[in-house]
Amino acid sequence: MKRLLLFAVLVMETPYVPQMKALVCKFWFVPAIVIALSELIFFISLLSLLFSLALGGGALLCCKWLTQGEEA
């Protein structure tokens, strides 16, 4: 997606692809929105992973506590 953003900048700022300039001027914000959404999804998945690790660690500690209680 970063390549699409680079292409949009290339079209808007250089005279190399003049036939695409009108189309890119209409949709210049789409690559930025997609990049922002992908970063948001990554952040949410990272929080989910951390929550899962904490929950699994808590479950292991609870099992350890329960099994040690039987031995004593």
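Here is a short chat about the predicted model shown above.

Visitor: What should I know about the model and its numbering before we start?
Guide: Residues count from 1 along each chain as its sequence is written. The model is predicted, so local features need pLDDT of at least 70, side-chain atom pairs count only at pLDDT 80 or more, and totals for chains, interfaces and linings use all residues, while side-chain values use heavy atoms, with hydrogens and water left out.

Visitor: How many helices and strands are there, and what pattern do they follow along the sequence?
Guide: Helices here are DSSP runs of H or I with at least four residues, strands are E runs of at least two, and both are numbered from the N terminus. On that basis the protein chain has three helices and zero strands. Read along the sequence, the pattern is α-α-α.

Visitor: What share of the 72 residues counts as buried?
Guide: Buried means under 20% relative accessible area, exposed over 50%, and partly exposed in between (1.4 Å probe, protein chains only). Of the 72 residues in the protein chain, the buried share is 8%.

Visitor: Is Val17 buried or exposed?
Guide: Val17 sits in the loop between helix 1 and helix 2. Across 42 residues of chain, its C-alpha is 59 Å from that of Ala59. With a relative accessible area of 18%, Val17 is buried.

Visitor: And Pro18, buried or exposed?
Guide: Pro18 also has its place in the loop between helix 1 (2-13) and helix 2 (21-26). At 56% relative accessibility, Pro18 counts as exposed.

Visitor: What is the relative accessible area of Val24?
Guide: Val24 is found in helix 2. Its C-alpha is separated by 48 Å from that of Gly56, 32 residues away along the chain. Val24 is buried, because its relative accessible area is 9%.

Visitor: Which residues form the aromatic pair?
Guide: Rings of Phe, Tyr and Trp (its six-membered ring) pair if their centres lie within 6.5 Å; planes under 30 degrees apart are stacked, over 60 edge-to-face, and the rest tilted. The structure holds one such pair. It is edge-to-face, at 5.9 Å centre to centre and 90° between the planes, and its members are Trp28 and Phe29.

Visitor: How many disulfides does the structure hold?
Guide: A disulfide takes a pair of cysteine sulfur atoms within 2.5 Å. For Cys62, the nearest cysteine sulfur is that of Cys63, 5.9 Å away, and Cys62 is in no disulfide. The count for the structure is zero.

Visitor: How far apart are the centres of the positive and negative side chains?
Guide: Lys and Arg count as positive, Asp and Glu as negative, with His and the chain ends not counted. Each charge is placed at NZ of Lys, CZ of Arg, CG of Asp or CD of Glu. With 5 positive and 4 negative side chains, the centres of the two sets lie 23 Å apart.
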